[in-house]
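Please have the sequence and the structure open as I speak.

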Amino acid sequence: MKNMKIFLFKIVLLGMFLLPISLISCTETKTINGEELFRYKTRDDVQSSPYVANGVVYFGSNDDHLYALDAKTGDIKWYINPEDWVDSSPYVVDGIVYFGCRDWNLYAVDVKTGQKKWRFFTNGLVHTSPFVSDGLVYIGSSDNYLYALKARTGKEKWRFKTRSDVGSSPCVEGGVVFFGSDDDHLYAVDAKTGDEKWRFETGANVCSSPCVVDGVVYVGSRDDYLYALKTKNGDARWRFKTGDDIYSSPCMVDGVVYFGSNDDYFYAVDAKTGNERWRFKTGDDVRSSPCVVDGVVYVGSNDDHLYAVDAKTGKEKWRFKTGDDVRSSPCVVDGVIYVGSNDGYLYAIW
């Protein structure tokens, strides 16, 4: 962590923290130059993607903890210690942080105290990230089920069975839950009832999490393709071929879909046609999911770097080196990037 005098000088000089940090946002107006603000050390890989809400950054570590840090200083506010890795990314809403754990549970924890409100036991690893909508929390498990639980109590409302591990995190849009499974399918399920609306078969596991925008769901597969499907019926609009598995979850901004592949490239593809706009070469797999802010794409790579790339041209603006793979997906709030690394640190970069 940087010297406190330097840190205070930067705050006075730039005035970046006069406004409170609120829920995760991709509508920023501050220039980010790739300088380290602080880092926080855990005892194992940080593959969980951070979530920032009301001045606090929440993230998990493979040291079996979920952490809550002051988003300005990196000082610890509290932590909770479940019984296994927390590589699931947290979701915060209505004073509760929800996260999965490889101890087979989904947890609901008070954001102020870190006290557990409830936990829900599945019959498998919970390494996907929860999604909360209309009073329900949705989560997948390696027991082959997607679950819908009441967000306040953890009581099960319904469950939907697939034929393999649900390793894709769900997304809810228009009353429908979209998620992938290792049975090679993307599913669309009624969010209230759990009834299947349609399924789409790819050529391999669907570990990428879907992105839904303007009636189209975008998702990657380990068959090396990114798919664009109609949300109404699952009909394919187009598919885009890369050179290897796609674990990265796509992000669509201003008519362009951004995503990474295990072929070491990061791609920008036209959302309407599926034609390539550009590709950016890193030094290893790109499993991190992108965040696009003010015309800049931020994404991690297994070559140990976080990259900032111009969204229009694909030209590198800067890179930030960590000590190991960056599989965590960056979160950008109030001019600061938060991202984890397999070197055991959570980084704050501005």
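This is a predicted model: local features need pLDDT of at least 70, side-chain atom pairs count only at pLDDT 80 or more; totals for chains, interfaces and linings use all residues.

Let me begin with an open sheet of four strands, in the order β2-β3-β4-β5, whose pairing is antiparallel. Strands here are DSSP runs of E with at least two residues, helices are runs of H or I with at least four, and both are numbered from the N terminus; two strands pair if DSSP finds at least two bridges between them. β2 and β5, the latter covering 76–80, stand at the edges with a single partner strand each, so one side of each has no neighbour in the sheet. From one strand to the next the twist averages 20°, where axes are lines fitted to C-alpha atoms, for helices over the stretch in contact, and angles run from 0 to 180 degrees between N-to-C directions.

Residues are numbered from 1 along each chain as its sequence is written, and side-chain values use heavy atoms, with hydrogens and water left out.

Within that sheet, strand β3 (residues 56–61) and strand β4 (residues 65–70) pair in the antiparallel sense over six bridges, and S61 stands opposite H65 in β4. Elsewhere, β16 is joined by five bridges to strand β17 (residues 196–201), and these two also run antiparallel. Their hairpin has five residues between the strands, and there G194 takes a positive phi near 80°. Please keep Y187 in mind, whose bridge partner in β17 is R199.

Now to the rings. Rings of Phe, Tyr and Trp (for Trp, its six-membered ring) pair if their centres lie within 6.5 Å, and planes under 30 degrees apart count as stacked, over 60 as edge-to-face and the rest as tilted. By this rule there are 30 aromatic pairs. One of them is the tilted pair of Y51 and Y91, at 5.7 Å centre to centre with 45° between the planes. Y51 lies in strand β2 (residues 51–53) and Y91 in strand β6 (residues 91–93), so this pair ties together parts 40 residues apart in sequence. Y51 and Y91 are both buried, meaning under 20% relative accessible area, where exposed is over 50% and partly exposed is in between (1.4 Å probe, protein chains only).

Y187 returns here: its ring centre is 5.4 Å from that of F160 and the planes are at 65°, so the pair is edge-to-face. Because F160 lies in strand β13 (residues 156–161) and Y187 in strand β16 (residues 185–190), the pair ties together parts 27 residues apart in sequence. F160 counts as buried at 8% relative accessibility, and Y187 is buried at 1%. Y40, F59, Y67 and Y79 form one aromatic cluster.

Finally, the cysteines. How many disulfides does a search of the whole structure find? It finds zero, taking a disulfide as a pair of cysteine sulfur atoms within 2.5 Å. For C207, the closest cysteine sulfur is in C171, at 17 Å, which is too far for a bond. For C331, the closest is in C291, at 6.9 Å, again too far for a bond; C331 counts as buried at 1% relative accessibility.
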